[in-house]
Amino acid sequence: MHRFPNPGSNIDNLIKCFELLYENINRDVLFGLHDMQEILVVNGLISSSGTMGAEALLRGANVDLSRDRSYNQCKMYAEIYRSLGWMQSAERALDYCFTFLGDHIATAQVDSKALIEECFIGIEFPNKALAVNGANNIRPFASILKCMAQLDGVMTRDEIIIGPLCFENDQTPVAIESYIDKVQEYRADPALFDAAFEAMLEDRGITKITAGNYTRFPLGALRWLGWAEQDRDTDHFESPTRVYRLTEKGRLKVEELDSSLDLRLEDIENYGELGDSIAKYSYYTMLTNSGFDLSSKREEIAELKATVIEILGTENVLFSPFQAYDSESLSRIFNYSIPTARRESIYSPRNLDTEQSNDFMRDQLATITRPEEEPINRENSFFQSVSELAELADRDIVANLKPRYSGFGKEEYYTLIGEIFCVMGLNCHVSPHGVNSRRWDAIIIEENDSIPIEIKSPTEEVHLSVKAVRQAVENKIILQSRQAVANQRTSNSLAVGFELPNNRADVGTLINDIDSTYNIKVAVLGIDYLLQLAVDCIRNDNIVSFDELSEKLGIVDA
Amino acid sequence: MPEIFKQNEIDVDHLALPSNFEVASIIYQQHSSALLQFQNGVHVQSSCIMCEEMSCLVSNQNEGVLEELTLSQYNKLCPTEAIEIDETGLVQIDKQDCVGCGLCIAACPLGAIYLDENKLAVIEHDNHIFEKSENAQSLGCIGSDVYANPVIDENSELIESIIERIKLRGDNKLSLNRMVQNLLANVGVTCQLTRQGDVNLRMDGLGLIEEKTIVIEIELDTNLDAPRDILDDIAVYCSRYNESLDNVEGLIVSSHLPNKRTEYWELFSDIRNVLGLSIMNVTIAVLLMLVWNRRPINLGDCFLDRDNMSLREYTARALGREVGIATPDSLIEAAK
């Protein structure tokens, strides 16, 4: 099975991290994992020992790098970036530099998504970019989409695991056909599938959980790219089953793939020098298709196109050189020199010997560019929803809006709660999914204080429970201890859900016990209260004061 | 008036050491009862004498933490009730129920119980030297200095088999809690189990050590829920029993320690930083090793966090020797 690293399934975060690296590292120097750590941890984009900022980096440092979590997360990011062709290894595997393809991702003026899509399709294994050999000769994203299309547009996670991620060679039509036939059999007899899946796990010496972890990144990407969506299927399975369903966009991608000639690194290398022309042409086509202006290269592209048609009989070639070749070959094909100078690093675990050098490093780290704080967006989509109901009375607006949110899952609900607090004039940030340093789901930030928020969406639990209260306590303890953002002991920690707890007495008493024992205030809010407050703020142009909110304790009624 | 019938009594045949025989040393042996060496030079295999204390059956150390819990305590030693007196008047061990924890082996003052090849406890009744006696003989006079070697030599396979047998039981949570209760009592922590479903006492157990109340969570598989639960337990306990947080500590007893790369470890430092509250981590393996070596526990040395995720060093110190479990092993340290 091909093992994708799992730095987190949030692709937006993956891209944001890359952009920040690009912004902070000179394009013409080599950099390493500690440089990545320095920039990403200090900016809070990845966690280090559960904290954020410069202090987090210094606290999380470990001479034993296998125990340094942010180092290992950077290692996984680096592997993904190299698979996507945005970064490459220089002479030494752990010396990186940006690629031309990476330049375009980071500097795309309008939208980098089209090019990012191409990059996901461009991933192929084995390749020389990562210097991986492996047992799987696959172009995983293309394979997943093609198999999905052949399987009536639906596949389960485990079907993806035993198929596109396990194919020895996805360019062998017989193997694919046999897989499709087998899956159809398995769907009629789940016991057969279980046996095949178990055999695969045993053969590879991995557990089901590990196999699942290897799919988190590609499945997150499929959703982010809009090629497949999660759904429950009752048409293809005996009982309702969680599947990934091909979207219309995914179908169009499959059509595009079917009309392209899929060439792998081995094929290209067999063409010798002519292979360089194919590589160059496919790279230029990739950029053109993604909306980049290559008019300055018009003549060269025309020549390359003629050569490609002459060799291959088609101009529709699927190959991405920056995702396949090693840096040496790329520098030859694209005629550039691999950087030799190294970035001057601020952070290195080797320099953490003395308190004095830590202080020096702390000052230096403070100079790293941070993304600018975005102003509070009060006129967000929640604001629009309320405005559209302006004719109604406040109570009716709440009654109209609440049912719309009752089916919201985590992501939608967290965003909604963030927007509601912003509408109230509070600086509320929703934590990106999968960033461990931000254990709270959202946080309201004031100049010298903050309120962490634990959110339970209605699909997680309709009525808030003691579990949310416990997590709110933990959020406060972590924030107080690690001071990722300024936080006063006296301000509360919020647990926000859909409906207030069923067992009000138990939850209320527990909150009082926590307050009297630990001096930690927890307030529990339901959607009714928040909607009423937010509608009032919009209608009367009011704001909610941070101080007032931060003093609330116990179950807050609408 | 209908007749009230009396139940038949079990006739127990008591045995006693011959007069003038004083135990010089007791040497535990693999797969057989201990070797008894007497001051007069005689040595024999030990066997059960149906002594007065019956310490292989009874646990009397489970009171004194919270009065209201005393009456509901489990007062047997064996967590799975595998050891009892049969109809012939002999102490017998039911192999179906035995998990091989060795509590009874450590409790028998004469070393008459041992683990067989299947890692299950067996009691020796084959008498080589003891004489019939009218009354049960007290063995309270046997001092701790006669025990020459550990009751059981530890290894990870044996400890894993104990945990696995507990896990496979239908009443695994109850058996686990009872085992931990008696292991803790054996290493010097008085421990009472709470009643299931009591919302005022949500913890699994309450312990007492040097005037401090220890709030105990007992887990087969540990995750972040354990520290979360214990915070909850302590808040409820302190508030309802008007106890100061300064007099309370937390203890998580688990079968294995979580991996290095979990948020679990950082949380203990955070809790100590912010609340001044220490939550200790002890594994069943550590408790078993201390019991098998007749050593007390020093809970203060069992505070683990992101800087120390291992109980190996402490255990070695407590045993006065290296631990017989290969490194790394989640039985005593965060292994991965």
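In chain B of this predicted model, five strands line up as an open sheet in the order 10-11-12-13-14, with mixed pairing. Strand 10 (190-193) and strand 14 (279-283) of chain B sit at the edges with a single partner strand each, so one side of each has no neighbour in the sheet. From one strand to the next, the twist averages 25 degrees.

- Strand 11 (residues 205-209) and strand 12 (residues 212-219) of chain B run antiparallel, and five bridges join them.

- Helix 7 (residues 284-292) of chain B lies across strand 13 and strand 14 of chain B, and runs at about 70 degrees to strand 14 of chain B.

**Where chain A meets chain B**

- Chain A brings 28 residues to the contact, and chain B brings 27 residues.
- About 2,600 Å² of area is buried between the two chains, and carbon and sulfur atoms give 48% of it.
- Three residues, Arg69(A), Arg470(A) and Tyr518(A), supply 24% of the area that chain A buries against chain B, which is more than any other three residues.

**Salt bridges and polar contacts**

- Six salt bridges are counted between chain A and chain B.
- Arg470(A) forms a salt bridge with Asp232(B), and their closest N and O atoms are 2.6 Å apart.
- There are also 12 residue pairs in polar contact between chain A and chain B, with both residues at pLDDT 80 or more.

**The side of chain A that touches chain B**

- The elements of chain A that give two or more residues to this side are helix 3 (53-60), helix 4 (69-84), helix 21 (466-482) and helix 22 (504-518).
- Helix 21 of chain A provides the largest share, with nine residues.
- Sorted by kind, the residues on this side of chain A are seven nonpolar, 12 polar and nine charged.

Note on methods
Residues numbered from 1 in each chain as written. Chains lettered and ligands numbered in written order. Predicted model: local features only at pLDDT ≥ 70, side-chain atom pairs only at ≥ 80, totals over all residues. Heavy atoms only, no water. Contact = heavy atoms within 4.5 Å. Buried area = accessible area lost by both parts, 1.4 Å probe. Salt bridge = Lys/Arg side-chain N within 4 Å of Asp/Glu carboxyl O. Polar contact = N/O pair within 3.5 Å; in protein donor to acceptor, adjacent residues only side chain to side chain. Helix = DSSP H or I, 4+ residues; strand = E, 2+ residues; numbered from the N terminus. Nonpolar A, V, L, I, M, F, W, Y, C, P; charged D, E, K, R; others polar. Pairing = 2+ DSSP bridges. Axes fitted to C-alpha atoms, helices over the stretch in contact; angles between N-to-C directions.
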